[in-house]
Amino acid sequence: MHGYSRPLAILVLISLLCMGLSISMGSAALSFADTWAVLTGNGTPLQQTLILELRLPRTLSAFATGGLLAVAGALMQVLLRNPLADPYILGLSGGAAVGALLAMLAGLAGALVSGSAFAGALLATMLVFGLAHGTGSWTPSRLLLTGVVVAAGWGAIITLILAMSPARQLPGMLYWLMGDLSHAGNPAPALALLVLVCALVLPLGRSLNVLARGPLQAAALGVTVRPLEWLIYVLASVLTAAAVSMAGSIGFVGLVVPHMLRLVLGNDQRLILPACALAGGTLLVLADTLARVVIAPEQLPVGVITALLGVPTFLYLLYRSR
Amino acid sequence: MNPLQARDLVIDIPGRDDGEALNFIIQPGQIWGVLGPNGAGKTTLLHTLAGLREPRAGEVCLGEHRLMELKRKRISQQLGLVFQERQDGFPATVLETALIGRHPWLSPWQMETGNDEEIARRSLEQLDVAHLSDRMVNTLSGGERQRVAIATVLAQAPDTWLLDEPTNHLDLHHQVSVLQLLTEQAGAGNSVFMCLHDLNLAARWCDHLLLLYPNGEVCWGPAERMLAPVALERLYGQELLTVEVDGAPVFVPRKVW
């Protein structure tokens, strides 16, 4: 039950190592010593520009995005008592993508695209959870099915937008659809959100553990179920929207990371949620590093790499659950 | 303790007339049994008494207060409920499961203490499942899971126990030891209110009975008055033979040749 600090300390260490690796790798490789020199305020001006202005923000963005997605996934899984729930599978990323592409089609750029993606993700969340809720409560199978069907709908709209778009806009749009961290911008707000949410859910952790046993059991043990469910739902939506508006639609992080961690650490949310933030961040940092170096100097969309990891995991989970 | 009380209570079963309103107090030390055929509303009654469902009319009170006015946390410190069905979406060990019974007693910032773990372990011992502490709940047999569920409520330490078919899945010996445990609870000044399917267990261990007919009709009172064969035969639509053994009536279904 106790001793959360050791696994978390190990995860922090791994995260820092991976971030160091990510910063020193790239089309112009730097040694760890050079990287360390720059981080401690030395190094040549060229190295400083490369690391402090290009690679470090990108690495931190990758970390924040991965952490947000993993925590959002873990929260949705508790809400639905189903380890298959994930923002991408529930169609939230599709809604965000439509929002972003419409903004790009209208010739907008930068923060406006992000804002539009954020609105699209929230709209998709409301649509899926509202439709699946109906008059009863969220049954996991109905929610997953609603999510899948709504996601297919978003897919059609995305294809429509792509077909209508002028050719010169297509590459940017495609990259956004597969997840791209090269335009992530300032990582500070997302990192702050991640820390804030982790701090917020920590006192709720035990209530979430009880909620994972079903709403009636939770109510019988003193949890006020409805407000808690709504809080998780809103948090998960905001986290997803923040992640998607920063880096495009990156799938399966919210599915793979919580699942792996539960296998190793059990299902105490007070440990799993901060661990998800760390491990999700680390996974995306590694995936983004791979995306940058595999066919350097060209870059792969990072969503391709997470999907290649995520699809087999999802199928394995589904296979094992029956 | 604050006794649980039904005041003009009508449970809400869709498509059924109101029937008779319930008016009773479960006093400290009493053991109540609810009898009725499938679909008569036993589980609905239990959930309504626990405040998990809105009644159609009337109210449930815990001491002076109406249940709906109390905070869930306050209620759960006084009222424990053993469910008939359990869902385990995520894997958990037996000990972790028993420990969630301590939830009502801990503040949000508090971790479970050694004392809580001690209580959970003792509860598992009393239900004869301590040797399974580290096993995953989803690998247990039905009867073992049932005993873990009862141990969880024992760790919760409520004054009033509500139980939905506590002897389900249990072998004869464990049925008896669970009922014996509930008798001890009542002896210590707590109260017990449970749905049962086994007439003979009810006749032997309950001091009050509530008969719930499928049409919404109800009657309740001291066990010896409620165990009239005619009433029970009408309740289940089943002819019964009655003999007396060891001071308690025993009911046997009449076999149709």
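This is a predicted model: local features need pLDDT of at least 70, side-chain atom pairs count only at pLDDT 80 or more; totals for chains, interfaces and linings use all residues.
Strands here are DSSP runs of E with at least two residues, helices are runs of H or I with at least four, and both are numbered from the N terminus. Two strands pair if DSSP finds at least two bridges between them.

Residues are numbered from 1 along each chain as its sequence is written, and chains are lettered from A and ligands numbered from 1 in the order in which they are written.

Next, select residues 4-10 and 57-62 of chain B. These are strand 1 and strand 4, which run antiparallel and are joined by five bridges. Click on B:L4 and you'll find its bridge partner, B:L62, in strand 4.

Now go to residues 79-82 of chain B, which make up strand 6. Which residues lie on each side? B:L79 and B:L81 are on one side, B:G80 and B:V82 on the other, and all of them are buried. Buried means that 20 or more other C-beta atoms, placed from the backbone, lie within 10 Å of the residue's own; 12 or fewer is exposed, and in between is partly exposed. In a regular strand the side chains alternate between the two faces of the sheet.

In total, 22 residues of chain B are in contact with 23 residues of chain A, contact meaning C-beta atoms, placed from the backbone, within 7 Å. Helix 2 gives the most to chain B's side, with four residues.

Hop over to chain A and select A:F118, in helix 5 (residues 111-133). Is A:F118 buried or exposed? It is buried, with 20 other C-beta atoms within 10 Å. Leaving out residues up to four places away in sequence, A:F118 touches A:A241 and A:S245. A:V238 is 120 residues away in sequence, yet the C-alpha to C-alpha distance from A:F118 is 8.2 Å.

Finally, zoom out on chain B: its C-alpha trace spans about 55 × 45 × 35 Å along its principal axes.

Notes:
Two residues are in contact if their C-beta atoms, placed from the backbone, lie within 7 Å.
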